[in-house]
Amino acid sequence: MAGAVAPGSAAVAVAATGVRTVDWVRVAIGALALALIHLGANLWNDFWDERLGADVRTHLPTTWSGGSRPTQRGLITPGQALWGSILLVAAGCGVGIYLVVTGGGPAVFWMGVAGVALALG
């Protein structure tokens, strides 16, 4: 999750240098969007790891290699991972669109598009 929060924190720091106050409610809403998309990306990865057999080839899983393996352990089905991913990313995009419409502008939109592309790419 730190990988999702760090870019958002950097954006807040850069924005704060140009304004007197930071709208912390919008920051929290942006953090929610980042978290939803990050969680969706995790499920996306679990789906494709199962589908491509990557978890089978990783014999000694760690936090960074093999992870929690929820599909392989039977906690969720591959279909649930796929649909969970789609729903979480869609929810994150919905939150992001709210930020764009309520004053974020094109820069926020394109950062969101890039973030989703990187998360699912």
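View 1. Helices (DSSP runs of H or I, at least four residues) and strands (runs of E, at least two) are numbered from the N terminus, and the elements follow one another as α-α-α-α. The model is a predicted one, in which local features need pLDDT of at least 70 and side-chain atom pairs count only at pLDDT 80 or more, while totals for chains, interfaces and linings use all residues. Residues are numbered from 1 along each chain as its sequence is written, and side-chain values use heavy atoms, with hydrogens and water left out. Of the 121 residues in the chain, 23% are buried, a term that means under 20% relative accessible area with a 1.4 Å probe, counting protein chains only.

**View 2. Helix H2, residues 24-52.** From its first C-alpha to its last, this helix of 29 residues reaches 41 Å, close to the 42 Å expected at 1.5 Å a residue, where the expected span is 1.5 Å times one less than the number of residues. The buried residues of H2, among them Gly30, Leu36 and Phe47, pack against helix H3 (54-57) and H4. Just after H2, glycine 53 takes a positive phi of about 75°.

**View 3. Leucine 99 in helix H4, residues 78-120.** Leucine 99 counts as buried because its relative accessibility is 10%. Leaving aside residues up to four places away in sequence, leucine 99 touches Arg26, Ile29, Gly30, Gly104 and Val108, where a contact means heavy atoms within 4.5 Å. Leucine 99 and phenylalanine 109, which are 10 residues apart in sequence, lie 8.5 Å apart in space, C-alpha to C-alpha.

How values were computed:
Buried means under 20% relative accessible area, exposed over 50%, partly exposed in between (1.4 Å probe, protein chains only).
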